[in-house]
Amino acid sequence: MLERVGILIIMAFLLSRMKSFRQIVHNEHRFKEKMILIAIFGTFGVISNYTGVEIEEGLISSRSWQTDVHFDGALANTRIMGVAIGGLLGGPLVGLGVGLIAGLHRLTLGGFTAAACSISTIFAGIATGLIGRRFNTQKEKSPLWAMSIGVLMECIQMGIILLIARPFESAFDLVEVIAFPMITINGFGTLVFILIIQTILSEEEKTRALHTHKALNIAEQTLPFFRQGLNVKSCREAAEIILKYTNADAIAITNEHLVRAHVGIASDHHKPMESLRTQLTKKVLEQGKIIKAKSRDEIQCVKNDCPLQAALVMPLKAHNQTVGTLKLYYSHPDKLDQAEQELAEGLSRLFSTQLELAEAELQRKLLKDAEIKALQAQVHPHFLFNAINTISSLIRTDADKARKLLIQLSVFFRSNLQGARQMLIPLEKEIEHVEAYLSLEQARFPDKYTVRIEIDPPLKKVYIPPFTLQPLVENAICHAFAKSKKGEVTIKGWSENGKMILTTEDNGKGVSPELLSSLGNTTIKSSKGTGTALWNIKKRIEEIFGQEGAFIIESEPEAGTKVTITLPLVQTKESEEYAKGFYRR
């Protein structure tokens, strides 16, 4: 009996090494898989019948293959073990199917216990199937529980033999001989078999965990590049990372029309910025589904001697639209195994999510950029008309001054246009913008205010967002001063602890505490303005410089207002990417 159980356990172990059986175990709830489980464990039951040990009148016949049993004989075998395991794994349908196959086959072999064994086998299949549906046999500590079910089914079989098999004396003598070894060995066999099944599941879970870890590691490293979109540089960097962490021999990334990157073998004819060369890629773009190719012919490369012999092409999607493909190429089809495919599919989903987030981030920045550009490019019509009228009146009285104001007006407009195109400009350019604006305003109101600019010379080359100081000066001139009071505005700039400090301070009427809490944090409704400029400046500093930048407004009624801007002297790579990335695309 131990020998027979050993044979079945060896078969179970070999079966567990088969990928198809692993998939069946994971998907045993589907009808197709149930039918396969019935066939597998039904075969186990038949083999158990054939390899059983015949017992006749107390004598043991140990033939290797039992094709029939004498009328006075009986079989001691492992049939119940296979039926019980099938029922526990597959539920009532599998249990019934396996029980019928093994039970009816046992009936054909004959012997005085044939009917009893057949009935007990069918009963065991139904019972274990119901138990398997009610309880999950794959949970922790389930092998001992499954073993107890196997022992119970074998005990029930002994009871049915005593109830049905005749003569009773022979049945009793038989049970006395076979009960203990069959209960013990079948229980042990059930335990080992369930442990094998549990090992399959454990290995699969570990593999999935490893793939998940690897996929997340790749996603983390490629995130900064995919956030830039599918441009040549970002795709090449991402492809090199993917090539490093997978078994692929080449990685390619495309958009809808062009190869954006190809690293690895076949780079001589799969080149970036060329049109798509494989029909496989075009098919994935059209269908939006993953396609696997396991031969050079399926890849359909235009070059006949291309070393790429297998490929996995996955769509990259954003907002349910296929925007590109991720392609893993292999020099031999055997390298494209199930583990590699699952990893690649996980990466495809992660990258698609990253592209969606990048698209959302881009749209957010574009919207913010549009708001900024609308504000930056805005020139109030009355300011333009007043400047033209002032210059027109000066042409007759002071032609030189009129000429200088025309130059300043052109500087002012040029600064508006440059600011509308760029996210960072040198501080000296912003000062030029302020001075141009002041020249035009002071020509109209020569004695209304004075402006002092005190900037440390080295700071003039430091980059700042455009329209940072000019709106502050304009706010002070337009809103801070009463008509009877001469205004003073001071702009200062110095370095401190690796930061550049810029302040704009006036001696105007100040801001009430209620209004001060809103300025720079939100737009407001007012007859004199909306506060959009201050809010815009603060938001841009936060977007570009993060915690390295600061925008603080201080004010007291009748004591003036002071705005302090803190920016890093050495700007980070991230702030430069934010400032320049959109225009590079």
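Modeller: Accessible areas here come from the Shrake-Rupley method with a 1.4 Å probe, and for residues only the protein chains shown count as cover. By that method the protein has an accessible surface of about 28800 Å², and carbon and sulfur atoms hold 57% of it. The model is predicted: local features need pLDDT of at least 70, side-chain atom pairs count only at pLDDT 80 or more, and totals for chains, interfaces and linings use all residues. Residues are numbered from 1 along each chain as its sequence is written, and side-chain values use heavy atoms, leaving out hydrogens and water.

Of the 585 residues, 49% count as buried. Buried means under 20% relative accessible area, exposed means over 50%, and partly exposed lies in between (1.4 Å probe, protein chains only). The secondary structure comes to 19 helices and 15 strands. Helices (H or I, at least four residues) and strands (E, at least two) are DSSP runs, numbered from the N terminus. Take contacts between residues at least 6 apart in sequence: 67% of them join residues at least 24 apart. Contact means heavy atoms within 4.5 Å.

Now the part itself. Five strands form an open sheet in the order β5-β4-β8-β7-β6, with antiparallel pairing. β5 (259-264) and β6 (291-293) are at the edges; each has a single partner strand, so one side of each lacks a neighbour in the sheet. From one strand to the next, the twist averages 15°. Two strands pair if DSSP finds at least two bridges between them. Strands of a sheet pair through backbone hydrogen bonds, either parallel or antiparallel.

Look at β4 (residues 250-254) and β8 (residues 321-330). Five bridges join these antiparallel strands. A250 faces Y329 of β8 across the pairing.

Two helices lie across this sheet. Helix α10 (residues 279-287) lies across β4, β6, β7 (310-318) and β8, at about 145° to β8. For these angles, axes are lines fitted to C-alpha atoms, for helices over the stretch in contact; angles run from 0 to 180 degrees between N-to-C directions.

β1 (residues 53-56) runs antiparallel to β3 (residues 73-76), with four bridges between them. There, E56 has G73 of β3 as its bridge partner. β1 also runs antiparallel to β2 (residues 59-61), through three bridges. In that pair, E54 is bridged to S61 of β2.

Next, a surface feature. L96, L100, L104, L107, I126 and L130 make a nonpolar patch of about 460 Å². Helices α5 (92-109) and α6 (114-134) are the elements giving two or more residues to the patch. α5 gives the most, with four. L100 sits in α5, and its 35% relative accessibility makes it partly exposed. Patches use residues with over 30% relative accessible area and no salt bridge; like charges are joined within 9 Å, nonpolar side chains (Val, Leu, Ile, Met, Phe, Trp, Tyr) within 5 Å. A salt bridge is a side-chain nitrogen of Lys or Arg within 4 Å of a carboxyl oxygen of Asp or Glu.

E441 belongs to helix α15 (residues 427-444). E441 counts as buried because its relative accessibility is 7%. E441 and T390 are 51 residues apart along the chain, with 9.4 Å between their C-alpha atoms.
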